[in-house]
Amino acid sequence: MIRLSETWQRTLVAGPLALLAAVVVLATLPHLIPEGAGRVDNLVLPVIAFPLVWSATFFYACIADNISRAAAVLAGLTAAGLGVIAHSLALI
Amino acid sequence: MSFLDQKKTKRLFAIHGWSGIALGVLLYVIVLTGAVAVFAHEIGVWSVGGAANDKGLTQPVDRIIRGLADKVDPKYRDDVGAYTVESGALSVFFHTHETKPNGDIGDRGVRFLVDPATGSVLSRAEGWSSDIYGQDQASALKRFLIDLHVQLYLPSPWGLILTGILGLAMMVAATSGLIMHRHILKDIFVAPRPGNLLLHARDRHVLAGTWGLPFAFLLAFTGSFLSFAFTIGMPIVSMSAFGGDKMLVGEILGGHAQTEDKTPAVVTNLDAVLADGQQRAGSAPTYIHVGHWGRADAKVGVWFEPPAGDLGFLQLGFNGVSGAFEGQKPRVGSKPSFGATASSVLTALHYGLFAGLLSKIIWLSLGLASCYVILTGMVMWFTRRREDPAWAPWTRMVPAIGYGLPLAMLVSAHFYFQAIGRSDTATWTPWGFALATLAVIAAAVAMSDRVELTRRLVLATAISAGLLPLARMMAGGRSWGEAVAIGEPVVVSIDLLLLIAAAALTWHWKGSPQPQWLRRRLAAAAQPEPAE
């Protein structure tokens, strides 16, 4: 079994995994944010939040003490987001 | 300020450096062209020599638009947009929304350019809006600079995605710079230490970076939002929440009427609507749009310059048949909302147009300061590695891009003026930029002496800037006397700025260190002749 160095593990978590988590959060937020009076809050606010969400996931992965825990947190966030989307689509 | 241990600080330092060096060149292109693009309107006015008729939409346009509507295919009367271009001509675009061959929704129709004083049609073009506006010759220089900033002159959506990624990289550089800062208050007043090149570059980088941090983060965040909004953000959101129905999402964002009434009806008097709106807004109208022309459900939207105390452009809505005022319309959606306000504020903060000339000058200055931070960061990176043979040749990259980019932008303007009046101005303007870029790269590869390369690029930039006002006038542009006579200050102002820049660069060139070959020759000449 290939054992990755900590640098490579952190690169994978801060790179692809942090991006995936941010994209899933972007897709999840329309189901969580109310559409508001103009019927656009659930569309516009996730798009505005995307760069900030990615920055948060990226820097969290960069400065976390335990990279395995960071990977688990981001994977959990992704799974929870996918769950919310699946639940919302099932209700439509 | 830093709350990180040494290991994490070191990690962030590496991220800060690599994010800057890997994307620094493109970041510099984005930031410098963005700083210049704040004055895009003024550059457009300058490039066409100003407008003899600058009344815009405050002059009667109803009769002209109504007359043109009778001449177009009824299917293109779905939407009509009108505004005045930099030359003073009235642009009227009758169009409908259709699906392009690539699946995107686009505007297809007929665009007229009209003399608003006489009503005579100056030009007529039919097709997709992107093709029509892309071939507009008079605004080619302005559009090229904006396109370079917005999407690096790459095809959509790839250019936008790349500039969005660059925005994220700038956010990373700014945030990591802030987090690992140990003495942020002290560094606001740090004095660059003379002597040691690395320390001097570091102090200048820290000083400019500390002052510019909030601005750099703001621009990076808002730019990233704008680049990703319609390339990644909206497609993902519409796929997740609306099953990918782009047309429905477009309708919701546009705030269009949900109930249709195709009963034929006469469109209200647009001059009366413009006058009414101007009185309500207290600022000049910039754009008028009529949706569902000739139908009972017609709507008129009028955009105004940001009123005093407001950040964004103001949009007022009117009934398209009765002309009755229906209220202020948000940037997105049908009613004011938090999302619409947030979107407007972020867009206004990115463009920097909200306080007229003052905010434009501040945005330009802070943009140039960010360029300085990028360049000094590169100087530090290469200075640390100057003993490494693999990195040594790359030290020439700093002057090559630092002076090369402004030089290439000036050369593109020279090409624009040489081609103006022809049908291929929009083609030659980017070619001028590309050829100048290739020449700078060739010079950077050929010259091993960084000092000599810098001197030559400074001189070339000075000559290019100094000759540009002359090139503009020789291409048929208005002289200073003519520009003053029509009350247009922009033409003279930009010409003067170019001449001042040329003089400053010439002064810098004269005072800069001499290249090695000249130093050797002078040293040889100073040696005493051997006694015979």
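Lys8(B) counts as buried, at 15% relative accessibility, where buried means under 20% relative accessible area, exposed over 50% and partly exposed in between, with a 1.4 Å probe and protein chains only. Its partner in a salt bridge is Asp65(A), which counts as exposed at 65% relative accessibility; a salt bridge is a side-chain nitrogen of Lys or Arg within 4 Å of a carboxyl oxygen of Asp or Glu. The model is predicted, so that local features need pLDDT of at least 70 and side-chain atom pairs count only at pLDDT 80 or more, while totals for chains, interfaces and linings use all residues. Residues are numbered from 1 along each chain as its sequence is written, chains are lettered from A in the order in which they are written, and side-chain values use heavy atoms, with hydrogens and water left out.

By the salt-bridge rule, the count over all chains comes to 15. Three of these pairs are set out below.

| Asp65(A) | Lys8(B) | 2.8 Å |

In the pair of Glu260(B) and Arg295(B), the two residues are 35 residues apart in the chain; Glu260(B) is exposed, with a relative accessible area of 53%, whereas Arg295(B) counts as buried at 15% relative accessibility. Salt bridges that share partners also join Glu6(A), Arg10(A) and Lys7(B) into one network.

Definitions and conventions: Helices (H or I, at least four residues) and strands (E, at least two) are DSSP runs, numbered from the N terminus.
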